[in-house]
Amino acid sequence: MARYNPSADLSPLYETMDRLRTDCLINDGSLLSPGRSLWTADNFAGLQRTYVQNLDAGEGNFFEKLKAQLSDSTSDGRCLMAELIWLLYAFQRSDVAPSTKDQKVREVWSWSGGELQPEVAALTDPVLQGVGRAGQGYNNNKWRELVLLITAMQDLKAKPENERRHLVSDGEAFASWMDVHVEGDNRQLRHILPFLFFPDDYERISAASNKRDILVGFGAASPAEVRSMSFVELDAALVTLRKELEAKHGSRVDFYEGDFRTVWQKPKKKKQTSAQEMNEDEIVPPWNNHELNTIFYGPPGTGKTFSTARRAVEICLGQAPEDPIAMRQAYNQLVKDERIGFVTFHQSYTYEDFVEGLRPRPMASGAGFTLEPEAGIFKIMAERASEQQGNHVLIIDEINRANISKVLGELITLLESDKRMGASAATTVTLPYSKSAFCLPRNLYILGTMNTADRSISLLDTALRRRFVFEELPPDISILVDIELDDSALDLAAVLTSINQRLIYFLGEDAQIGHAWFMGMKTKADLDRIMAFKVIPLLREYFHDDLERVRVVLGGGDGFLSRSQLPVPNGAEGYAEDRYRYSDIYREEGAYPEEAYITLLGQS
């Protein structure tokens with residue numbers, strides 16, 4: 001079946017699409033706010049006027065321009081736009097994270113002057129995880145897809161209910177109707193919507209070019225024949241091909257899976273086929289004063305992740321924007337351009353995950369599987385850097401949580417600058433699974449982060465420490481000095497200093513708390529939440545749930561953790577030591593008294 005997906009359970013999305021079909025396309029309801037009437041002919045006519053006929057083709061952020069374009073729209077029109085944005089995002093799997101989808105849909109909805117409920121069925125991760133890649137072109141041209149969607153829905157809403165019901169209940173009729181609103185191959189919703197509404201009849205393919213390649217690759221049609229096919233004919237031919245393959249192999253078929261994919265999707269030609277054939281003079285990294293291998297280390301909350309992102313942008317672009325938002329946008333673009341890669345190490349992370357390993361792949365015959373080499377993020381980033389101009393960066397978060405010797409294996413030698421490609425002692429190794437030659441390019445930088453609360457630098461492998469430069473990121477109290485709470489005179493810098501002084505006394509420098517947790521606060525309620533959900537849980541972890549020690553670090557009073565003595569059980573008189581029950585004031589009262597902080601500061 002086309003609804004089969006080898007990597008995810010998509011039933012929550014399909015169920016949501018069924019509800020959208022009934023509540024919104026046939027009727028005039030709402031997906032995100034049941035009971036409201038949003039998908040009406042009048043509301044789509046309003047979006048045709050305020051958006052389609054008011055396009056902003058200039059430079060700028062899509063959502064900033066969208067907000068301006070909707071300035072004359074009604075409240076219902078803006079809510080309807082939020083639901084259309086949800087539909088635009090529904091297909092995308094790896095291009096846009098579920099959290100980003102949720103945030104953007106809620107942001108557009110908020111332009112109406114209201115807020116969505118915290119729990120919305122259509123905005124849960126299982127629904128928002130998506131189906132497949134739509135590509136960068138889809139992201140960059142959301143406006144074009146949105147025009148198609150609004151125009152098509154306006155046409156649908158102008159039809160009698162019985163005709164609407166027929167169109168959204170018959171896959172072929174729906175796809176044929178969509179063709180009326182499509183110009184050429186560059187409207188991906190033409191392929192996405194039929195699949196989302198009719199996953200049994202259409203493939204999870206967002207590009208006409210892929211559909212043609214599949215038919216040609218499996219010999220179902222010639223190149224000339226697929227070029228002459230309409231979208232409806234392409235879809236019909238794919239259904240026939242899939243059913244034939246399922247009958248032949250006795251299993252479900254996904255054209256993006258294993259051996260099926262290799263039949264039609266040919267690997268891209270590379271400029272070089274091995275390390276020996278690379279023209280080393282072509283890949284010369286731009287000069288900068290940054291080290292090839294750097295680890296940022298410090299206690300939790302000192303901004304290590306942000307610092308690595310900024311350093312990565314500086315390495316790739318020469319400098320990073322001062323504005324944090326602009327810096328993050330530059331970082332995200334470099335990730336999309338595949339010049340920055342990111343991975344988080346953990347205890348079970350292996351060489352096979354990081355460099356390359358053997359992975360099972362089903363045979364095209366459907367009988368059994370083969371083991372084939374599959375590149376990990378390290379090899380992938382090295383190959384990209386070898387083939388492209390400019391610097392590339394691989395960020396390894398929590399680098400000390402894995403066994404580095406096992407993860408890198410023999411490749412730890414290649415990290416050294418003089419062992420890189422084109423250097424005086426350039427070294428090439430043969431990878432154990434693919435048997436291919438591998439040499440690390442000079443334009444691939446490695447940045448790591450290390451939480452010193454988890455593990456001291458002194459415990460790291462000597463070979464690793466010798467190959468990396470370590471940059472400490474200690475708590476910076478000065479950043480908090482000028483932050484004033486709107487409703488309290490509490491000194492955030494003094495609060496953090498007091499906690500850290502106690503932690504240094506009991507546990508040492510590595511167990512401090514970083515300033516980043518306290519940035520961006522505006523009210524005492526913000527401070528209370530950080531104390532309740534970040535600081536106190538971390539202290540409990542530090543002291544292995546010895547809550548008496550946690551109370552001492554928090555000033556020793558009952559302001560944060562109250563203490564009451566437990567009665568001695570019968571028969572334990574004379575033997576039992578004093579024992580206590582501890583209660584988090586925030587969990588009971590929803591806030592900490594200001595006196596708790598005064599006690600912490602030693603000012604009571």
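This is a predicted model: local features need pLDDT of at least 70, side-chain atom pairs count only at pLDDT 80 or more; totals for chains, interfaces and linings use all residues.
Close-up 1. Aspartate 254 comes from the loop between H14 and helix H15 (258-264), while arginine 204 belongs to the loop between H11 and helix H12 (208-217), so the pair links parts 50 residues apart in sequence. Arginine 204 is buried too, at 13% relative accessible area.

**Close-up 2. Arginine 190 meets aspartate 235.** Here the two side chains form a salt bridge at 3.1 Å, N to O. Arginine 190 sits in helix H11 (residues 189-197) and aspartate 235 in helix H14 (residues 231-249), so this pair ties together parts that are 45 residues apart in sequence. Both arginine 190 and aspartate 235 are buried.

**Close-up 3. Lysine 159 with aspartate 155.** The side chains of this pair make a salt bridge with an N to O distance of 3.5 Å. Lysine 159 counts as buried because its relative accessibility is 19%, under the 20% cut-off. Aspartate 155, at 27%, counts as partly exposed.

**Close-up 4. Helix H16 packed on helix H17.** H16 (residues 304-317) and H17 (residues 324-336) pack at about 65°, their axes 10 Å apart. That angle makes the two helices roughly perpendicular, and their crossing is left-handed. Residues making the contact include Phe306 and Val313 of H16, plus Met327 and Leu334 of H17. The contact residues split into 10 nonpolar, no polar and 2 charged.

How values were computed. Residues are numbered from 1 along each chain as its sequence is written. Side-chain values use heavy atoms; hydrogens and water are left out. Axes are lines fitted to C-alpha atoms, for helices over the stretch in contact, and angles run from 0 to 180 degrees between N-to-C directions. Helices (H or I, at least four residues) and strands (E, at least two) are DSSP runs, numbered from the N terminus. Angles under 35 degrees count as roughly parallel, over 145 as roughly antiparallel, 65 to 115 as roughly perpendicular and the rest as oblique. A crossing is left-handed if the near helix is turned anticlockwise from the far one by less than a right angle, and right-handed if clockwise. Contact means heavy atoms within 4.5 Å. Ala, Val, Leu, Ile, Met, Phe, Trp, Tyr, Cys and Pro count as nonpolar, Asp, Glu, Lys and Arg as charged, and the others, Gly among them, as polar. A salt bridge is a side-chain nitrogen of Lys or Arg within 4 Å of a carboxyl oxygen of Asp or Glu. Buried means under 20% relative accessible area, exposed over 50%, partly exposed in between (1.4 Å probe, protein chains only).
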